[in-house]
Amino acid sequence: MSHTIRQKKKLIARVSRLKGQLEAVERALEADRPCGDILQLLASIRGALNGLTGEVLEDHLHEHVLHAADEKARAEAVEEISQVLRTYIR
């Protein structure tokens, strides 16, 4: 069973909170709120998204690298993480 399936309820709850935060930005823009308020909302979203990303990444490392079935599976998991990180840090 995949780690995302085991953590599904928790991960979906985090995604739901992110949706709510994005909707708050939309409401703030529609209400002509000051840019400082909007920037604070955006910073909160970034933090929440980074937290979610970190949690999935940590679980992925444990599941697919640390406890890999064999060296081939471990190498594939490392390559997958490398590709994701290259995209993430751009």
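What share of the 90 residues in the protein is buried? The figure is 17%. The model is predicted.

## Fold

The protein has 4 helices and 0 strands. Along the sequence the pattern reads α-α-α-α. Of the contacts with a separation of 6 or more, 53% join residues 24 or more positions apart.

## Overall shape

The radius of gyration is 17 Å, whereas a compact globule of 90 residues would have one near 12 Å. Along the principal axes, the C-alpha atoms fill a box of roughly 55 × 30 × 15 Å.

## Helix α3

Helix α3 covers residues 35-66, which makes 32 residues. How far apart are its end C-alpha atoms? They lie 44 Å apart. At 1.5 Å a residue the helix should span 46 Å, so the two values agree.

Which residues of α3 are buried? They are Ile 38, Ile 45, Leu 52, Glu 55, His 60 and Val 65. An α-helix has 3.6 residues a turn, so residues three or four places apart point the same way.

Conventions
Residues numbered from 1 in each chain as written. Predicted model: local features only at pLDDT ≥ 70, side-chain atom pairs only at ≥ 80, totals over all residues. Heavy atoms only, no water. Helix = DSSP H or I, 4+ residues; strand = E, 2+ residues; numbered from the N terminus. Rg over C-alpha atoms; globule rule 2.2 N^0.38 Å. Buried < 20%, exposed > 50% of the residue type's maximum accessible area, 1.4 Å probe, protein only. Contact = heavy atoms within 4.5 Å. Expected span 1.5 Å × (residues − 1).
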